[in-house]
Amino acid sequence: MLPWKRVLRPLTALLLTAAVALVPAATAHADSATSSGWNDYSCKPSAAHPRPVVLVHGTLGNSVDNWLGLAPYLEHSGYCVFSLDYGQLSGVPFFYGLGPIDKSAEQLQVFVDKVLAATGATKADLVGHSQGGMMPRYYLKFLGGAGKVNALVGIAPNNHGTTLSGLTNLLPYFPGAEDLLSTATPGLADQVVGSAFMAKLNAGGDTVAGVHYTVIATQHDEVVTPYRTAFLSGSDVHNVLLQDLCPLDLSEHVAIALIDRIAFHEVTNALDPAHATRTTCASVFS
């Protein structure tokens, strides 16, 4: 094996390992979510919360583990809550969000249609973490999702590409590394700053008309770097930095979606802005 190939494979493995370390261990299948109360297709949205909420996990996450905190929180608040698995690669169990992002968006399209048919709602709200906060933008922009979605709430979304704290800047120094990364894990390659996918997604503007956008970011994000690249530009965008709401909040990329009740409170504000209440450090008790 050539010397550069000896370096190439560990580098790709390192990218995967770094991402895995930042995602809760995947130990359950999506169907088990029904025993936790969400993904109940008999749930009918109430007058107070007339739209179902679809949760979209992040890279290497899944429909259960990513939402062990937020899904019950939203259910307790009276929402019909659903979550999906997407972007599975052949031979890779449990860890999702690794396939080409445009194909993942097609899976989201099918899932939203299924949820709308089951609930009788005309539109859904989407809440996504990391890739899951960005990938739906492709669905909205290119797959007709804007007519079926009222709001997209992105929690630490990778909206403009990331360098994984500079790690991917090393790729050009290893001949063939970018090609191997694209072949092995296209869902990661699509998220690198300057990728063809990112260029297409953001060409002509970040948003589409008719959808309300909210971005909730943390300055301690170690995956979406710099953290302000999570923010969107547009006439119907609300960008939120957690530390502006609570300077004591230390949540990083995973904790913000998994356990941060301050972020959860801000999610409910975005889903029901007419009844929003101020989010502060005390929201941890909400």
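**Loop β5–β6**

I started at P226, which sits in the loop between β5 (212-217) and β6 (237-241). My helices and strands are DSSP runs numbered from the N terminus, H or I of at least four residues for helices and E of at least two for strands. The peptide bond joining T225 and P226 is cis, with omega at about -15 degrees.

A note on the source: this is a predicted model, where local features need pLDDT of at least 70 and side-chain atom pairs count only at pLDDT 80 or more, while totals for chains, interfaces and linings use all residues. Residues are numbered from 1 along each chain as its sequence is written, and side-chain values use heavy atoms, with hydrogens and water left out.

I stayed in the loop between β5 and β6 for A230. Is A230 buried or exposed? A230 is buried, at a relative accessible area of 1%; I call a residue buried under 20% relative accessible area, exposed over 50% and partly exposed in between, using a 1.4 Å probe and protein chains only. Setting aside neighbours within four places in sequence, I found A230 in contact with P157, N159, V215, A217 and V224, where contact means heavy atoms within 4.5 Å. I also checked A230 against I216: they are 14 residues apart along the chain, and their C-alpha atoms are separated by 8.3 Å.

**Whole chain**

I looked up the totals next. The protein has 11 helices and six strands, and buried residues make up 53% of its 286 residues. Of the contacts with a separation of 6 or more, 76% are between residues 24 or more positions apart.

**Positive phi**

I noted two residues here. F94 has a positive phi of about 70 degrees although it is not a glycine. F94 is in the loop between β2 and α4 and is partly exposed, with a relative accessible area of 43%.

S130 is not a glycine either, yet its phi is positive, at about 60 degrees. S130 lies in the loop between β3 (124-129) and α5, and at 7% relative accessibility S130 counts as buried.

**S77**

I found S77 in the loop between α3 (70-76) and β2. S77 is partly exposed, at a relative accessible area of 29%. Which residues does S77 contact, leaving aside its neighbours within four places in sequence? They are H49 and T268. S77 and T268 are 191 residues apart in sequence, and 8.3 Å apart in space from C-alpha to C-alpha.

**Aromatic pairs**

I paired rings of Phe, Tyr and Trp (its six-membered ring) if their centres lie within 6.5 Å, with planes under 30 degrees apart as stacked, over 60 as edge-to-face and the rest as tilted. By this rule I get four aromatic pairs. One of them joins Y41 and F82: the ring centres are 5.1 Å apart and the planes are at 50 degrees, so this pair is tilted. Y41 is in the loop between α2 (33-36) and β1 (53-56) while F82 is in strand β2 (residues 81-84), so the pair ties together parts 41 residues apart in sequence. Y41 is partly exposed, with a relative accessible area of 28%; F82 is buried, at 0%.

Why does the pair of Y138 and F197 count as stacked? Their ring planes are at 20 degrees, with the centres 5.6 Å apart, so the pair is stacked. Y138 belongs to helix α5 (residues 131-142) and F197 to helix α8 (residues 196-202), so this pair ties together parts 59 residues apart in sequence. Both ends count as buried: Y138 at 8% relative accessibility and F197 at 9%.

I then saw that Y138, F142 and F197 form one aromatic cluster. K200 lies over the face of F142, 5.0 Å from the ring centre; my rule for a charge over a ring is NZ of Lys or CZ of Arg within 6 Å of the ring centre and within 35 degrees of the ring normal.

**Helices α4 and α5**

Last, I checked how α5 packs with helix α4 (residues 101-119): the angle is about 80 degrees and the axes are 8 Å apart. Axes are lines fitted to C-alpha atoms, for helices over the stretch in contact, with angles from 0 to 180 degrees between N-to-C directions. The two helices, α4 and α5, are therefore roughly perpendicular to each other (65 to 115 degrees; under 35 is roughly parallel, over 145 roughly antiparallel, the rest oblique). Among the residues making the contact are L108 and V112 of α4 and M134 and Y138 of α5.
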